[in-house]
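Here's a quick look at the salt bridges in this one. Have the structure open as you read.

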Amino acid sequence: MKKLIINGGRRLCGEVNLQGAKNSVLPILAAAAAADGISVIHNCPHLSDVDASIKILRHIGCRVDIENETVIVDSTDASGWEIPEALMREMRSSIIFLGALLSRFGRGTVAAPGGCEIGLRPIDYHLEAFAGMGVEINENGGIIECICPKGICGRRLSLNFPSVGATENIILASIKAKGETVITNAAREPEIKDLADFLNKCGADIRGAGGSIITICGVETIHSAEHSVIPDRIIASTYMAAAACTGGKITINGAERKHLAPIIPVFEESGCSVKSDENRIEIAAPEKLRRIRYVKTMPYPGFPTDSQSLITVMASIGKGTSVISESIFENRFRFVPELIRMGANIRVENGCLAIAEGVEKLHGANVAATDLRGGTALVVAGLCAEGETRIGKISCIYRGFYDIEKYFSSLGADIRSVNG
């Protein structure tokens with residue numbers, strides 16, 4: 001089993017190019033199965049979750065070729081509407097394929113996805129929406145069988161919570177529905193708009209994506225298209241946090257400031273200087289980070305839950321007391337005990353509130369990644385810690401950040417992966 005070994009305390013400087021967004025590429029690859037023909041998807045990062053999506057695409061009969069960071073999906077001969085449990089369990093967000101199967105074949109059979117390390121991801125919103133659109137659903141032994149004998153019918157749907165996955169699944173299921181589908185209280189994340197932009201290139205009629213009300217007018221056919229995935233705003237925040245914690249100065253090429261608007265004020269509050277132009281961001285850290293008085297994770301355009309662990313690391317070495325509130329996932333603070341092993345002074349209350357008293361410095365330790373975002377935060381902690389940090393169970397990190405060693409090494413970090 002691989003581990004990351006980091007010799008910390010090095011100031012990170014230089015330029016880095018931003019990878020494509022994990023949270024965009026996965027639904028877009030599912031959408032390629034709903035489209036008929038050859039879709040060309042650029043800026044696809046080499047993630048284990050992308051590999052899992054490609055396995056699913058091939059299982060249902062798509063031909064998939066990979067050329068550097070371009071994935072070519074030929075769905076012409078796709079004919080399978082069943083995804084086995086083994087493939088479903090490889091990727092947490094695999095349920096997104098159900099909407100694509102319903103759109104393409106009028107039916108789909110998948111295994112119910114489990115929870116994950118950061119908390120449960122219930123699919124009630126997905127299934128309730130499908131049932132309202134005329135889909136007959138049978139759940140038996142963890143297997144979900146869906147069929148729409150009379151076709152999918154558009155309707156008005158209101159989400160109790162702006163779920164990203166449910167919004168994406170409804171969009172995918174309704175692109176060829178009879179009539180008009182309107183989603184109110186839809187998720188507003190940039191990745192939702194990216195999915196809609198791809199589908200509109202494929203001939204769909206989707207309006208309002210990126211806002212809280214999305215309207216989808218069903219069309220008869222969906223063809224293939226060429227598309228470039230937007231940059232990953234969460235990876236951008238990872239580089240920003242690494243610069244902040246190491247006292248560094250980094251330029252991130254490809255970053256879109258508007259996507260990072262909820263994040264930048266928190267970095268500025270900590271004392272960082274953040275400058276940007278059309279598609280790049282420069283961040284310079286102060287001599288000593290300041291406290292972050294209070295930050296609460298919220299659905300977009302609020303502060304993203306996926307960046308919360310990074311801010312917690314910054315707070316652990318900031319001067320003063322910081323308070324971080326997590327309102328999305330109940331287990332987002334699972335990584336905190338590992339951070340405490342590195343010398344952090346953090347108290348977690350009721351599983352959803354962290355109070356960090358900034359320490360002078362962290363020190364290296366043997367720790368283990370608990371999930372993708374928590375594991376990445378431990379990497380950032382190791383980069384600024386004094387001495388050697390060894391991080392185990394790192395496979396979850398590669399779900400969302402490929403070649404993490406290479407990219408941080410290019411900025412001056414002493415980081416490498418080893419077996420054992």
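Is Lys406 buried, partly exposed or exposed? At 47% relative accessibility, Lys406 counts as partly exposed, where buried means under 20% relative accessible area, exposed over 50% and partly exposed in between, with a 1.4 Å probe and protein chains only.

A word on the ground rules. This is a predicted model, where local features need pLDDT of at least 70, side-chain atom pairs count only at pLDDT 80 or more, and totals for chains, interfaces and linings use all residues. Residues are numbered from 1 along each chain as its sequence is written, and side-chain values use heavy atoms, leaving out hydrogens and water.

A salt bridge here is a side-chain nitrogen of Lys or Arg within 4 Å of a carboxyl oxygen of Asp or Glu. The count comes to 19, including these:

| Pair | N to O distance |
|---|---|
| Arg280 – Glu15 | 4.0 Å |
| Arg233 – Glu191 | 2.9 Å |
| Lys406 – Asp403 | 3.8 Å |

Take Arg280 and Glu15: the pair links strand S16 (residues 280–284) to strand S2 (residues 13–17), 265 residues apart. Helices (H or I, at least four residues) and strands (E, at least two) are DSSP runs, numbered from the N terminus. Arg280, at 31%, is partly exposed, and so is Glu15, at 48%. Asp277 joins Glu15 and Arg280 in a network of salt bridges.

Then there's Arg233 with Glu191, both buried. Arg233 lies in helix H8 (residues 233–246) and Glu191 in helix H7 (residues 190–201), so the pair ties together parts 42 residues apart in sequence.
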